[in-house]
Amino acid sequence: MADFDTLRIRAGYDPTEHNNSVNVPIYQTAAFELGSLDRAEALWTLEQDDALYTRVGNPTVAILEQRLKALDGAHSALALASGMAAISYTILALTEGGGNIIASNSIYGGSEDAFAHFFPRFGANIKFVADRNDPKSYEAEIDENTRGIYIETISNPNAELYDIEALAEIAHRHHIPLIVDNTVATPYLLNPIKHGADIVIYSATKALGGHGNAIAGAVLESGDFVYDRDKYPQFYEPSYKIKDRQGNRRSAYDVDPKGPLGIHLRAYYLEFIGAALGPFDAYLVIQGLSTISERVEKQTKNAEKIAAFLETRKEVSFVKYPTAKNSRYKELAAKYFPKGAGYLLSFGFDGTEEQLDRFIRHLNYFSYHVNIGDVRSLIVNSPKTTHAELDEEHRRRAGIEDNLVRISAGLENADDLISDLREAFDEVFA
Ligand SMILES: *Cc1c(COP(=O)(O)O)cnc(C)c1O
């Protein structure tokens, strides 16, 4: 298998299969010619794996799927219209018929809100752990209805790290998958499957795409997890939707024993709920992926420098970054993130709301908006924006202080970024 840097440019694409087009073509079409009755039947019975309708598959999207699969060393990948679609589909599919998921309570604001308030309406109950830093705390919540453990590999907004291998060991001992949202880390910094994760979720909107120009997501399966028949009957039921030419019903497991979740999601969730990724957005993510290594490497260096600078400021009450002076995550960072712990950090702004407003408005090289992993540096006051929907108690448990400010370091010159912050501090606290 080629190196990551080669795969992010070449995996899953052979120009000779696409009129020798050097760039991945955008198959901007809703449907595909079926050709003949016989071919139509081959497509409908999954005998032949070509595109027929873009809601359930498209060649541009398929190239992105192949590429993501290669970058994570996964068995299969399903691209979707957003990261939230990837999260919702995964949680709802695993808990069909009722079930619970054990989750860290320091996660992306949208996930946390959906976990607390929306998924339970569908019988998917989320149990937030008492101590997200202690693997035993996850194990303590597991019961006979538990269908998975869910964490972010680098959490949003505080860049917390967890012991992935210890959590995978606990999950597997209880015959449930470890689901990780690897959005912040990206496969460049961390390969979760290598450390035991079974399902890897991405918002490709963030650093995978990297340019803040497309919304996209993906669900990857390791291929190593064997779903228990009693816990996950949905993957073993002979399906009226998946039939062979003779009309025999097949299960998602029959079609792909190593990746039944992906088959199930395509057959039911894409088919009926339809958060299909458009070919143009898939193309934008493919373009972005071709520079992911250089981008994330430099963004990480910039974040390290910004964290070190913030630690010198008296107006800053804390800096949360895995390798920062007081971080409790140094050991985990050394173990899981040898290339650095990413571009996301947060800090405590020791001033009034009015001062924070002036501070943010004084910055020239930090955009004030809610994306992350963008080529541009971004700053946001998480408690009032990205995590505003959480109640106060939930925010407190998630470690989101009222004065917390999140930074996603971009690709600008580090000295320019630091001068920009310094001038804003000096101006506001003069
Ligand atoms: C942004 C984000 C999501 C949601 O992704 P969308 O593409 O915006 O739907 C999920 N998880 C994390 C960690 C994110 O940062």
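Trainee: How many helices and strands does the chain have?

Mentor: Keep in mind that this is a predicted model. Counting up its secondary structure, you get 16 helices and 14 strands.

Trainee: And what is its radius of gyration, next to what the globule rule gives?

Mentor: For 430 residues, the globule rule gives 22 Å. The chain is close to that, so it is as compact as a globular protein of that length. Its radius of gyration is 22 Å.

Trainee: What share of the residues count as buried?

Mentor: A residue is called buried when its relative accessible area is under 20%. Going through the 430 residues of the chain with that cut-off, the share that counts as buried is 57%.

Trainee: Are H12 and H16 roughly parallel or roughly perpendicular to each other?

Mentor: Helix H12 covers residues 292-310 and helix H16 covers residues 414-428, and their axes lie 10 Å apart. The packing angle is about 30 degrees. Angles under 35 degrees count as roughly parallel, so for H12 and H16 the label is roughly parallel.

Trainee: Is the crossing of H12 and H16 left-handed or right-handed?

Mentor: Picture H12 passing H16. The crossing is right-handed.

Trainee: Which residues of H16 does H12 meet, and how do the contact residues divide by class?

Mentor: From H12 come Asn 302, Lys 305, Ile 306, Phe 309 and Leu 310, and they meet Ala 414, Leu 417, Ile 418, Leu 421, Arg 422 and Phe 425 in H16. By class, the residues of this contact divide into eight nonpolar, one polar and two charged.

Trainee: How is H4 set against H10: roughly parallel or roughly perpendicular?

Mentor: The axes of H4 (residues 83-94) and H10 (residues 260-272) come within 11 Å and cross at roughly 105 degrees. The range for that label runs from 65 to 115 degrees, so H4 and H10 are roughly perpendicular.

Trainee: How many charged residues are in the contact of H4 with H10?

Mentor: On the H4 side you'll find Tyr 89, Thr 90, Leu 92, Ala 93 and Leu 94, and on the H10 side Leu 261, His 264, Leu 265, Tyr 269 and Leu 270. Eight of these are nonpolar and two are polar, and the number of charged residues is none: no charged residues.

Trainee: Last one: is Arg 328 buried or exposed?

Mentor: Arg 328 sits in the loop between strand S10 and helix H13. In space, its C-alpha is 9.9 Å from that of Asn 133, though they are 195 residues apart in sequence. Exposed means over 50% relative accessible area, and Arg 328 has 58%, so the answer is exposed.

How values were computed. Residues numbered from 1 in each chain as written. Predicted model: local features only at pLDDT ≥ 70, side-chain atom pairs only at ≥ 80, totals over all residues. Heavy atoms only, no water. Axes fitted to C-alpha atoms, helices over the stretch in contact; angles between N-to-C directions. Helix = DSSP H or I, 4+ residues; strand = E, 2+ residues; numbered from the N terminus. Parallel < 35°, antiparallel > 145°, perpendicular 65-115°, else oblique. Left-handed = near helix turned anticlockwise from the far one by under 90°. Contact = heavy atoms within 4.5 Å. Nonpolar A, V, L, I, M, F, W, Y, C, P; charged D, E, K, R; others polar. Rg over C-alpha atoms; globule rule 2.2 N^0.38 Å. Buried < 20%, exposed > 50% of the residue type's maximum accessible area, 1.4 Å probe, protein only.
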